[in-house]
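Here is a short briefing on the pockets and surface of one protein model. Please look over the sequence and the structure before reading on.

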Amino acid sequence: LRLVAILKAILEGEKAAVLKRDRHLPLSFHRRQEELKFSLGLQRLQHHVRQIQALRDGPAASLPLNVRDPQPKTEAKPPESELPTLILEAMKELEAAKQQVLKRIQIWKRQQQLAGNGALFEENLAPLQKRCESLVEVYFQLHQQVMAASTELGAELLPRLQERFNEVLSSLVKR
């Protein structure tokens, strides 16, 4: 992790130097940077979903093996209290990824408008469709995990999560 932090600092320094010299970077650089940022956010979201599933499966799988030992039961409590926190973090990641997709859709719409005035316009919707499909796929995986863990979440958190899920899906469909 330290090596990654050092490389990141070096690359950011190089980017700042290039920006000072050229004052702007080509559009393809910004588009590629945006794609990488979205991919990273999506990978973090998928990692959260896998963590939630492992957290849900972990204590249940270890309980039958050690029924007589009281120690696993006390160890099972912290992960259960950790589950809502992990789900809320995943929800934030989902909403951030949704915002990135909606921003890209808005940019595409604006470019389409400018094309009417003669500006260059790339009509390929495949990357945008791929983004939406991958986000919706992870959305349904997360939704499935939350519904499976509904008994552990409590009566107050579940309705709020349901409302946030509905808002994410409806904003993606409407826009």
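How does I6 count: buried, exposed or partly exposed? I6 counts as partly exposed, because its relative accessibility is 45% and the partly exposed class runs between under 20% for buried and over 50% for exposed. The model is predicted.

**Surface patch**
- I6 sits in helix α1.
- Together with L3, L7 and I10, I6 makes a nonpolar surface patch.
- The area of this patch is about 390 Å².

**Largest pocket**
- The largest pocket holds about 520 Å³ of space.
- Its lining consists of K8, L11, E12, K15, F29, R32, Q33, L36, K37 and L40.
- Two elements each give two or more residues to this lining: α1, spanning 2-22, and α2, spanning 27-62.
- Helix α2 supplies the largest share, with 6 residues.
- Sorted by class, the lining of the largest pocket has 5 charged, 4 nonpolar and 1 polar residues.

**Second largest pocket**
- The second largest pocket has about 260 Å³ of space.
- There are 12 lining residues, and those closest to the pocket centre are H30, Q33, E34, K103 and I107.
- Here the elements that give two or more residues to the lining are α2 and α3, the latter spanning 71-115.
- Again α2 gives the largest share of the lining, 6 residues.
- The lining of the second largest pocket is made up of 6 charged, 4 polar and 2 nonpolar residues.

- Q33 is among the residues that line the largest pocket.
- Q33 is also one of the residues closest to the centre of the second largest pocket.

- V101 belongs to helix α3.
- Is V101 buried or exposed? V101 is buried, because its relative accessible area is 0%, and buried means under 20%.
- Along the chain, V101 and R175 are 74 residues apart.
- The C-alpha atoms of V101 and R175 are separated by 9.9 Å.

**Points to look for in the view**
- For the surface patch, find L3, I6, L7 and I10.
- For the largest pocket, start with lining residues including F29, R32 and L36.
- For the second largest pocket, find K103 and I107, which are among the residues closest to its centre.

Conventions. Residues are numbered from 1 along each chain as its sequence is written. This is a predicted model: local features need pLDDT of at least 70, side-chain atom pairs count only at pLDDT 80 or more; totals for chains, interfaces and linings use all residues. Side-chain values use heavy atoms; hydrogens and water are left out. On a 1 Å grid over the protein atoms alone, a cavity is a set of points where a 1.4 Å probe fits but cannot get out, and a pocket is an open set with protein on both sides within 12 Å along at least five of seven lines; lining residues have an atom within 4 Å of a point. Grid points are joined across faces, edges and corners, and a volume is the space filled by probe spheres set on the points. Helices (H or I, at least four residues) and strands (E, at least two) are DSSP runs, numbered from the N terminus. Ala, Val, Leu, Ile, Met, Phe, Trp, Tyr, Cys and Pro count as nonpolar, Asp, Glu, Lys and Arg as charged, and the others, Gly among them, as polar. Patches are made of residues with over 30% relative accessible area and no salt bridge: like charges are joined within 9 Å, nonpolar side chains (Val, Leu, Ile, Met, Phe, Trp, Tyr) within 5 Å. Accessible areas come from the Shrake-Rupley method with a 1.4 Å probe; for residues, only the protein chains shown count as cover. A salt bridge is a side-chain nitrogen of Lys or Arg within 4 Å of a carboxyl oxygen of Asp or Glu. Buried means under 20% relative accessible area, exposed over 50%, partly exposed in between (1.4 Å probe, protein chains only).
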